[in-house]
Amino acid sequence: MRRAALWLAALALAGVVLPPWYLVQDRLADIDWSGGWLTEPDHAPAVSQALLFGRWWLWPVLATAAAAAASLLLPARRSLARALAACGTLGLLALIIQGYAIGLGGWRFAVLEAVFGPLGDRQFGIGTGATLAALAFLWMATTGLAGLGFFRGDPFTAGAVGTVALAVILFTFLPIASLLSDAFRTSEGTYTLGALFGRLGDDRTWGLACLAGAPRCGVAWNTLMLALMTAGGTTALGLAFALLVTRGGIRFPRALRTLTILPIITPSFVIGLGLILIFGRSGIVNQLLYGAFGIEGGRWIYGLQGVWLAQMFAFTPTVFLVLIGVVEGVSPTMEEAAQTLRANRWHTFATVSLPLMRPGIANAFLVAFVESIADFGNPIVLGGNFGVLSTEIFFAVVGAQADAGRAATLALVLLVFALGAFWAQARITGSRSYVSIAGKGDGGVHPPLPAWVRRLCLGVALPWAGLTILLYAMALTGGFVETWGRDYTPTLRHLVRAFDLEWSARGLIWSGVAWNSVWTTVKLAAVAAPLTAALGIIAAWLFTRQSFVGRRALEFATMLSFAVPGTVIGVAYIYAFNVPPLELTGTGIIIVLCFMFRNLSVGLRSGMAAMSQIDRSLDEASFTLGGGGLDALRRVILPLLRPAIIAALAYSFVRAVTTVSAVIFLVSAEYELATVFIINRVINGDYGVAITTSTALIVTMGAVLALIQVVVGSRRIRRRAPALAAGARA
Amino acid sequence: MTEARKALDVRFENVTKRYGEAVAVRDVSFSVAPGTLVTLLGPSGCGKTTTLRMIAGLEQPSEGRVLIGGRDVTGMPPAERDVSMVFQSYALFPHMTVLENVRYGLVVSGRRKRDANEAALAALAQVGLEGFGNRLPSELSGGQQQRVAVARALVLQPGVMLFDEPLSNLDARLRRHMREEIRALQQRLGLTVVYVTHDQSEALAISDEIIVMNNAVIAQQGGPRDLYERPASAFVAGFIGESNRLAARLEQRGPEEGTVVLGSARVVLPHHGAAEGAITLAVRPEAVRLVPVADPAAALAGTVTAAAYLGATMEYLVDSEAGEVFIVCPETGSPRKVGDQVALAVRPQGLCVLAA
Amino acid sequence: MNAPPNGVEVDAVSFAYGANVILDDVSLAVPRGEFFAFLGPSGSGKTTLLRLIAGFGRPERGAIRVGGRDVTGAPPWDRNVGMVFQNYALWPHMTVAENVAFGLHRRRVPRAEVARRVEQALDLVGLEGYGGRRPAQLSGGQQQRVALARTVVIEPEVLLLDEPLSNLDAQLRVEMRGELRALQRKTGLTTIFVTHDQEEANAISDRMAVLDGGRIQQIGRPVDLYDRPANRFVAGFLGTANLVEGEVARQQEGLVFRSAEGIVLPAPDDVAPGRALVALRPQALSISENGRAPSIAGEVRRTEFLGGHVRYAIEAHGLTFYVDEPHLRGREALAPGTRVQLAADPEQLTFLRP
């Protein structure tokens, strides 16, 4: 522990002495590192800030860093631990308090101004120095607590808990809380409940006029209705697919499984786009109808029916993946027992298999429900006059009538819906999960489907699969014709405009219009993916393998953050991180953070699923053999998790690239993302460039995932000998 | 040849373990002498596994102290105690070879690779698996996997070695063979071993001392013969070996002994504190003989209600006035049949008055 | 008059999984009402054979008959067999009563009748009044009884039990095997019981088939298999056996067996001269004081106290012999290192072809 303390104290001291304390606008390379930076007010470290520039509120931070270093002199282990815990906590608190108390205009809160008098100074957001110091204090506190016996005495676990907790609080709860507080704000700037209720009661949100024939209903009702329809439809479809693939005895189950990859690599609006290309005003179907029968197609695709159709295509595969796990999770001996009791295939299916799948099916329904209410890309493209909460929030923020209060209120309503579904999910999976973990004596095979069920599933699934393929074909090739709807001569003109490359005297020039956004996206996603996967795996390890005080609370809080729809997160981020101490808007950091916390669920779920396959006694064996938490994680768990880690990396990357709803608010002039670029092109009517860029994106993502499959597939944990040979020798 | 570390003793002082409302272990105290094999025996849920895990450090007591080698280790993580453990499922790391598994503990504590390998090979030789170093756990049979688990725990030369129902995943025959090996290893190396099982014949066969647990407390503690011959309660009498519980009477109660009347037999036995009058008498199945009906030594008369052939012995169930009697008979030559009228004689050495 | 058909007949059945042969030309017949055991180590094919009889999987060659009817191609629900699985397979979303009633509903038995028979079945297994509970609320032993009730209530032709006791504590195992036996006696059901524990098979079956490597090694009553094993495998598998290899030759006093290590034993007249394998059960040897012939000299290596008897591992002529001596209070076990003389009971020797 002493060694760790030494490093952490060094880190804290480094944080306050070397790098700039505040966020610098200039690039790191431009700073005069030869010595000028120590005295330059913008670049100076905390030491100089306090000494030279009279920023006295930094003294507590400096003092605790020095105290931490001094505590290394304490001989006794327990006293060192106590000192570390104290210094770490105090340092962190001091940092946080001074960061929030003093902002761009001096004292943040009127009460402080009243007490201390006007400040006459200000400070910016925290930079590298402050971040290093903060991390050092955090880990000092956790290491100290571990030394005192908390977290079973394991400093690594303690540190992991602290980091995950701080990350979740800082980057999920804080933004949401600050966003929601806006819902309570009146136009004068005070916070009242009345303001909230006033906004909640808005007719635009809850009106039911459409039932009486008026064109619009409240967006809240719209959202609910759409979600229920989508959830119902996708669950039915997904179940049909899942049953076919696992028990239908079809010849190419893998082909169906591959179809499920498509929506993962596709930004959500692409499906909407494809639908427009087929069914829109200048879509193919309309053209055919006009040409063949003289019927004007009209704009029937825009509105509830169009969005619903798009969501069905988009979310069936996700639901399918969930249901595959459920269908395969039914213990085969349950079904075999029924068969020996006279139940033929249909009876077994109806009285045993389906009831056992019920909780899983309910869970899948809720997953689709949550996806639907959080969806932004499809409603914005196909919604027409049919507004849902996510699009309304968008307009309330960036539209002509920017209304922060309204945006916050709508976000609150959306959040409540999501939390409600999430709570229902927890109730179902918590209490009555019938999925069995195969144990002793459960070596059976699933019986094949009853004949007419199989026919029904085929009848539903195959046409749907065909439609999906058609849709994607349209969506991917639409950019390769001159002008969709009028001139179908194939051309590469749009592709060239998007991705042109030129050779010049100075080397390669990326002259295509799409390059900037694509590179930015790839860069930021590539930075975010490993961080996401790492955080997710560590959190998964903490929740499944460790027990410590507050584990359930942390687990609940982290899971809760997944319930927040993307739009809400995006808005929350720009409100929360616009001002010091975390001044991140307009930077790449905020986008990376958004990617990380939006996609944390990928690493977490994949990690938890994989770790539940690894028997706990493996960790315990490592503990009794002298290893600590880190040894168990590093030497035993991680090697066994390799496929899951790689999958988490791949999916985090892909999801980051295809995010729309969250990042639409976070892009800036310097950081333009590909998905936003595409949407802007669509809004401007520049379909050609939009679609070719989409296609390029989708194809690249597909290649990435295919590569991952190959890598993971070939490097499985060394091949097992045939089961029979091993078993026979026992 | 590395010198063996000293075997340590284990002491539990008033240890209680609670999970919320439920009490898994209640005010348990015992000590394990160094170099002995002590078994924690009892039915599922009695608290034996929890107790073992508290010695390992995988669980912490809610109250009380755990001492190993005289040192108070309560609250210390497993890595800092001088114990190693063999798990029920062996818990071999599937992605490591046998050698990597066995040397794991040494590598983690910072030993040089070369030394670690040497020690690991020596441990493998001790369990009879020389040459298996490069195999993967999935390529081994159940018995071999178990030996790797033992070697892995052994290589650290622990002060105390713990076994958590190590044989329950093996076939019946292999179980007997492996338990002999474990016992032989323990005696050869002079290890302190704490062993958990629910199989009383296993416990009797290999232990220096047995601690019988029931419902979170210790029911009785003692050597195998003590427990078998002098069970202190009905539970222990019923759990260790087979035992009949028959209705009898106690008369002429003296300070230590009294006259026990069973049917027409009268025997003087220690009364273990029972009061005069109706008592329960524990009778070992092999202490009952089938005798001709008119035999004067006969104590009880009865009818055979079940007969079973077990290869080496015959087992009978006889309905008598004192209750149902279960008999084990070494003569398999002329077996009785269901419905036969028989007479039973008892040997005094196989009787025990139950205290309560 | 025709004899009543056998409960189950397996006729030259072979089964393979890909390239692995699991069962090789297996034939046996289980008469009506018999309690029959399939006994063998892991991988011997015993569970596969049971599952084939149930209808899970189809043999490549051979036929299976239940109650005289050829069911080789029939699905499980058409076979009129009842099966209890190793993990009981009780449906968690149904109550105990609903579990037990399942098979009856399939056969369109009227409601009142269903209720009555469910009650009866639960009584039979000692679980009166448990109908309203859920499987998750029951202990392992109780779950097993519900699984039994569920199969027994439909009055199947054959009852199949797949290692039903292996998930229970040692103590409970002994109790439940007695109850299984009693139940079978009461109902008279033809029963086939799979186990790897020879003590279990010995205790409760009428006859058994010993399998190894997908082949039947021997079929017969437990006592016959124990006293007259057909080969080395059966001798070693059913209880402990001390095995000694050697030669039987004719001497002037009769046939004599002599092993390479110098152990000499008398052989009965009906043993053919030549190479032979002698199996001695632990109870066939006894430790004698006066070296009464035939005797073997040895030294005690280990003792195991087993309650009713003590098992000694005695080293003699380089071989290890297991000898059981009864234990009663007051008698001390011999310490390791004691030199002893072992007397072999000539009546108890079994001679096998090596």
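Asn215(B) counts as partly exposed because it has 13 C-beta neighbours inside 10 Å. A residue is buried with 20 or more other C-beta atoms within 10 Å of its own, exposed with 12 or fewer, and partly exposed in between, the C-beta atoms being placed from the backbone. The model is predicted: local features need pLDDT of at least 70, side-chain atom pairs count only at pLDDT 80 or more, and totals for chains, interfaces and linings use all residues. Residues are numbered from 1 along each chain as its sequence is written, while chains are lettered from A and ligands numbered from 1 in the order in which they are written.

## Positive phi in chain B

Asn215(B) is not a glycine, yet its phi is positive, near 50 degrees. Asn215(B) sits in the loop between strand E9 (209-214) and strand E10 (217-222) of chain B. Strands here are DSSP runs of E with at least two residues, helices are DSSP runs of H or I with at least four, and both are numbered from the N terminus.

Glu165(B) is another non-glycine residue with positive phi, about 40 degrees. Its place is the loop between strand E7 (160-164) and helix H5 (172-189) of chain B. Glu165(B) has 19 C-beta neighbours inside 10 Å, so it counts as partly exposed.

Strand E17 (residues 314-320) of chain B has two faces. Met314(B), Tyr316(B), Val318(B) and Ser320(B) make up the covered face. Glu315(B), Leu317(B) and Asp319(B) lie on the uncovered face.

E17(B) pairs with strand E16 (residues 300-309) of chain B, antiparallel, through seven bridges. Two strands pair if DSSP finds at least two bridges between them. Gly302(B) has Ser320(B) as its bridge partner in E17(B). Four residues lie between the strands of this hairpin of E16(B) and E17(B), and in it Gly311(B) takes a positive phi near 90 degrees.

E17(B) also pairs with strand E18 (residues 323-329) of chain B, again antiparallel, over seven bridges. Ser320(B) stands opposite Gly323(B) in E18(B). The hairpin of E17(B) and E18(B) has two residues between the strands.

## Domains of chains B and C

Domain bounds come from an automatic or database domain assignment. The distances in the table are between domain centres, taken over C-alpha atoms.

| Chain | Domain 1 | Domain 2 | Separation of centres |
|---|---|---|---|
| Chain B | domain 1 (10-229) | domain 2 (246-353) | 39 Å |
| Chain C | domain 1 (8-229) | domain 2 (240-352) | 39 Å |

## A sheet in chain C

Chain C contains an open sheet of four strands in the order E2-E1-E4-E5, with antiparallel pairing. Strand E2 (20-30) and strand E5 (69-70) of chain C stand at the edges, each with a single partner strand, so one side of each has no neighbour in the sheet. Strand E1 (residues 8-17) and strand E4 (residues 61-66) of chain C run antiparallel and are joined by five bridges. In E4(C), Arg65(C) is the bridge partner of Glu9(C).

## Chain A and its first helix

Chain A comes to 33 helices and six strands. Of its 730 residues, 48% count as buried. Among contacts in chain A between residues at least 6 apart in sequence, 74% join residues at least 24 apart. Two residues are in contact if their C-beta atoms, placed from the backbone, lie within 7 Å.

Helix H1 (residues 2-17) of chain A has 16 residues. Its first and last C-alpha atoms are 22 Å apart, close to the 22 Å expected at 1.5 Å a residue. The expected span is 1.5 Å times one less than the number of residues.

The buried residues of H1(A) are Ala5(A), Leu8(A), Ala9(A), Ala12(A), Gly15(A) and Val16(A). They cover an arc of only 120 degrees around the axis, which puts them on the same side of H1(A). The arc is that of the directions from the helix axis to the C-beta atoms. An α-helix has 3.6 residues a turn, so residues three or four places apart point the same way. Arg3(A) and Leu6(A) are exposed on the other side of H1(A). The buried residues of H1(A) pack against helix H2 (46-52), helix H3 (59-71), helix H4 (77-101) and helix H6 (128-147) of chain A.

## Where chain A touches chain B

In this interface, 26 residues of chain A are in contact with 28 residues of chain B. Helix H28 (616-624) and helix H29 (629-640) of chain A each supply at least two residues of the chain A side. H28(A) gives the largest share of that side, six residues. By class, the chain A side has 11 nonpolar, seven polar and eight charged residues. Ala, Val, Leu, Ile, Met, Phe, Trp, Tyr, Cys and Pro count as nonpolar, Asp, Glu, Lys and Arg as charged, and the others, Gly among them, as polar.
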